[in-house]
Amino acid sequence: MSISESIRFFRKEAGLTQKDLARKCGLAEITIRQYESGKREPRSSQLAKIAGALKLSEADLYLGQRIEYTDLRALDEGFRNRLRAYENIRHVPLPEDQKIRTDLLIMGEILVEIMRDREDVPLGQTGTFKGPYPSGAPAICIDAAARLGCNTVLVGSVGRDDFGKLVINRLESGGVDCRCITQTDRHSTGCAFVTYFKDGSRRFIFHMGASVHAAAPAPAQFGKVKYMHIMGCSLMADPYLAQGILDTMHTLSEAGTKISFDPNIRKELYQTAEIKEIFADVLMHTNILLPGKEELLLITGENDVGSAVRKCFENPGLEMLVLKDGSRGSRLYTRCAPDPDTAESTDELKVCQIDAYKIEQKDPTGAGDCFDGAFLAGLIRGETPETAAQMGAAAGALNAMAFGPMEGKIDPETIYKIIETGNIASP
């Protein structure tokens, strides 16, 4: 019995309508309808509310049967496996004495990418593909930071299959801590098919699979985390994943973790009031913002960059904004230091233009995510924001010079040599 079937079964057994159950749980009636239809899967907090309203344990609701399971060994093998699966979807199972302490934590989708081997071949046409390549914006970003020497933890989910092994092996080889990546038999590893056109446009077909079922660590499992980076594409991928990211963000932000945010918007998905509320919540907690121009205007509702930037800095917690503009480089906005005579803060912003490196581009996929990872790595390494942005530009260029979303010779020696010489071809 699935979660959706279980909720419907126990609701009817209790003689409740969907409206009755929603009222008892403090949830919207449409939310209960979506849970019962299987369109959405409840997070652990919602599952607890529903179970409480139905006078069940959460595990009873997940298992689809009232059962005494105080002794796990007394259950038959099928129920033991299902109960273990239930525990895994609630939180990443870590040893009780193990705390997550890291420079950078990211939670989001992990994919493989399968790409056309040449331009202008539609996905609906028989042809040749290259891949699979490890991918997913969170994975690309954190891999770049790890290769630059940062301690990193990625929270995500893959299938227990060859694609999942490929991605985890690639991440671990770059130094990413993968203990919070769950491997599941319930879903296959997420997959994206992509094709490119000469006008610079791209087309994707996504099979999200296990990637949207990432399980957040429990709040008690967190130690000191310096930065948490959030990707807008992860927030739009699935409500279950989005809620897990928000829960983790709230926990870490309250503990003093800096929150960085790349809106990474798919415009066609940024339409509903629910998505906009999610983005507003993240923006309220953001200390470092990394948008593109169109994204900046979209999330602020302004018509020009200057007004949009000023609106972002109305958030007192925002420390810096990096406006990424592809081959035209980026602009770094930071707050000016307080007046040394009065020690009063100022509304003035310092603006620094960061030029892009001239390269022969092979594949732009992942360049922006590598920029994010290298920029955050620079801050973690104690560099100035300007140097960190130069590191981001170098990493993005190196990535775009190689075929594949997580490729390019990104390492400290190469990055610093590029910054020193100003020449991408010199390393």
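The following questions and answers cover charged side chains in a predicted model.

Biologist: How are residues numbered, and which pLDDT does the predicted model need for local features?
Modeller: Residues are numbered from 1 along each chain as its sequence is written, and side-chain values use heavy atoms, with hydrogens and water left out. In this predicted model side-chain atom pairs count only at pLDDT 80 or more, totals for chains, interfaces and linings use all residues, and local features need pLDDT of at least 70.

Biologist: How many salt bridges does the count come to?
Modeller: Side chains of opposite charge can pair when their charged atoms come close. A salt bridge is counted when a side-chain nitrogen of Lys or Arg is within 4 Å of a carboxyl oxygen of Asp or Glu. By this rule the count comes to 16 salt bridges.

Biologist: What separates Glu29 and Arg33 along helix H3?
Modeller: The side chains of Glu29 and Arg33 form a salt bridge at 3.6 Å, N to O. Helices (H or I, at least four residues) and strands (E, at least two) are DSSP runs, numbered from the N terminus. Because Glu29 and Arg33 are 4 residues apart in helix H3 (residues 29-37), the separation is about one helical turn.

Biologist: How many residues apart in sequence are the parts tied together by Glu319 and Lys258?
Modeller: The side chains of Glu319 and Lys258 meet in a salt bridge of 2.3 Å, N to O. Glu319 lies in the loop between helix H13 (305-312) and strand S11 (320-324), and Lys258 lies in strand S9 (residues 258-262), so the parts tied together are 61 residues apart in sequence.

Biologist: Which residue has a side chain joined to that of Glu109 by a polar contact?
Modeller: Glu109 is in the loop between strand S1 (100-107) and strand S2 (111-116), and is buried at 4% relative accessible area. A polar contact is a pair of N or O atoms within 3.5 Å; within protein, one must be able to donate a hydrogen and the other to accept it, and residues adjacent in sequence count only if both atoms are side-chain atoms. At 2.5 Å, the side chain joined to Glu109 is that of Ser234.

Notes: Buried < 20%, exposed > 50% of the residue type's maximum accessible area, 1.4 Å probe, protein only.
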